[in-house]
Amino acid sequence: MSRTPSVLSRRWLAAGALLLPLVACAAAEPPAAAQPRAEEPRPLVIAHRGASGYVPEHTLASYALAVLQGADYVEPDLVMTRDGQLVARHDNQLDLTTDVAARPEFAERRRTRTVDGVELTGWFSEDFSLAEIKTLRAIERIPKIRPGNARLDKAFEVPTLQEIIDLVKSLEKSEGRRIGLYPETKHPTHFQHLGLGMEEPLVEILRRNGYHSRHAPVYIQSFEVENLKALRRLTPLHLVQLFGSGQPYDQEVIGSALTYAQMATPAGLQAIAAYADGVGPEKSYIIPRDANGNLGSPTDFVPNAHAAGLKVHPYTFRAENNFLPTALRSSGEPAERGDLEAEIRAFLEAGIDGLFSDQPDIALRLREQP
């Protein structure tokens with residue numbers, strides 16, 4: 001790895017040392033008054049699950065480190081607990097990112113569920129109360145790629161959305177700048193069918209914390225369509241339509257034939273602009289890779305999105321060879337760092353407005369270069 005353990009340790013310790021006093025300080029503060037939305041830098045740097053290239057994802061330490069590195073926004077993926085609380089996990093399947101599988105008191109909670117049309121076996125957030133989830137500890141999701149992160153397994157709790165907001169508001173004061181929230185609603189149709197609809201609880205907690213106008217530094221994102229349309233009826237906050245492969249799950253459920261490919265056409269992007277302010281495509285929508293795994297030529301996705309009045313924030317930029325185009329890898333070792341800056345430059349030349357990165361410091365260094 002290009003960064004030494006001592007550098008990573010210092011960064012983690014600096015972030016971790018701030019967490020408790022910062023959260024305690026922020027919790028008692030009233031919501032801030034709405035302020036004009038500042039002009040955003042380009043590219044907007046969104047810390048993907050926090051600084052997840054350095055610290056296990058979706059932990060307060062990961063978000064704090066991202067902010068200390070200079071990230072403009074932090075991204076919490078949100079799932080629901082049995083008692084209707086919003087917590088930050090990439091998926092509702094808890095054994096992917098917590099130590100629940102090693103906890104004998106929860107052994108009987110292991111079950112098989114169908115989530116977004118896929119049968120999965122494990123432990124699921126909707127079967128746990130918030131109090132129970134608070135007894136779990138986060139673990140690294142991809143330990144073979146990020147063994148340094150895995151050394152921090154079980155060091156951190158699963159945070160609630162409110163705890164993340166408290167942290168961000170405190171860091172805004174210490175950093176002297178605005179820091180944005182970029183939450184994603186995970187599996188909203190799945191939770192809706194369980195009687196755990198996400199839209200109203202999310203909007204309400206944001207409103208209580210002063211995020212209730214077009215000026216607020218918030219983007220809410222979703223891979224589903226009806227979820228975003230429901231949110232548009234509830235809030236003026238900025239919304240972002242994510243793009244994956246195949247079909248949005250909610251469209252499958254309602255019997256629509258709408259696919260992400262259709263949504264990526266000029267007409268599809270114009271339709272998205274009726275309910276969203278931006279799009280978050282997987283990177284290949286903008287620059288696909290060729291048969292050898294190298295970057296090809298840019299598509300017309302970005303100019304078409306801009307013509308529809310949409311911001312473009314692709315995902316996910318990661319520094320490890322495992323995720324990079326073939327020509328930008330430093331070696332055949334998946335966990336080693338390659339040339340992420342070169343990949344980001346190519347996408348900036350294609351006209352993107354922002355990006356999601358597991359290593360936000362790399363994107364920020366590139367932004368600062370003349």
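**Entry 1. Backbone at Asp116**

I looked up Asp116 and found it in the loop that connects β5 (111–115) with β6 (118–122). Helices (H or I, at least four residues) and strands (E, at least two) are taken as DSSP runs, numbered from the N terminus. Asp116 is not a glycine, yet its phi is positive, about 50°. Most residues other than glycine have a negative phi, and most peptide bonds are trans.

**Entry 2. Basis and confidence**

I note that this is a predicted model, in which local features need pLDDT of at least 70 and side-chain atom pairs count only at pLDDT 80 or more, while totals for chains, interfaces and linings use all residues. Residues are numbered from 1 along each chain as its sequence is written, and side-chain values use heavy atoms, with hydrogens and water left out.

pLDDT is the predictor's confidence in each residue, from 0 to 100. I recorded a mean pLDDT of 92 for the protein chain, with 90% of its residues at 70 or more. Residues 1–15 have pLDDT below 50, and this stretch makes 24 contacts in the model beyond near neighbours in sequence; a contact means heavy atoms within 4.5 Å. Over residues 20–28 the pLDDT also stays under 50, and the model has 13 contacts for them beyond four places in sequence. Where pLDDT is low, the predicted coordinates should not be read in detail.

**Entry 3. Cis peptide bonds**

I found a cis peptide bond between Arg42 and Pro43, with omega about 0°. Pro43 is placed in the loop between α1 (5–27) and β1. A cis peptide bond also joins Tyr315 and Thr316, where omega is about -15°. Thr316 belongs to the loop between β12 (311–312) and α13.

**Entry 4. The sheet**

I traced an open sheet of four strands in the order β7-β2-β1-β13, with parallel pairing. Two strands pair if DSSP finds at least two bridges between them. β7 (180–181) and β13 (354–357) are the edge strands, each pairing on one side only. Strand β2 (residues 73–75) pairs with β7 in the parallel sense over two bridges, and Tyr73 stands opposite Gly180 in β7.

Helix α14 (residues 360–368) packs on the sheet and touches β1 (44–48) and β13; the directions of α14 and β1 make about 170°. Axes are lines fitted to C-alpha atoms, for helices over the stretch in contact, and angles run from 0 to 180 degrees between N-to-C directions.

**Entry 5. α13 with α14**

I then followed helix α13 (residues 340–349), whose axis comes within 10 Å of that of α14 and crosses it at roughly 60°. The two helices are therefore oblique to each other; angles under 35 degrees count as roughly parallel, over 145 as roughly antiparallel, 65 to 115 as roughly perpendicular and the rest as oblique. Leu340, Glu341, Ile344, Arg345 and Leu348 of α13 meet Ile362, Ala363, Arg365 and Leu366 of α14. By class, this contact has six nonpolar, no polar and three charged residues. Ala, Val, Leu, Ile, Met, Phe, Trp, Tyr, Cys and Pro count as nonpolar, Asp, Glu, Lys and Arg as charged, and the others, Gly among them, as polar.

**Entry 6. α5 with α7**

I looked up helix α5 (residues 161–175) and helix α7 (residues 199–208), whose axes come within 11 Å and cross at roughly 30°. That angle makes α5 roughly parallel to α7. The contact involves Leu161, Gln162 and Ile165 of α5 with Leu202, Ile205, Leu206 and Arg208 of α7. By class, I list five nonpolar, one polar and one charged residues.
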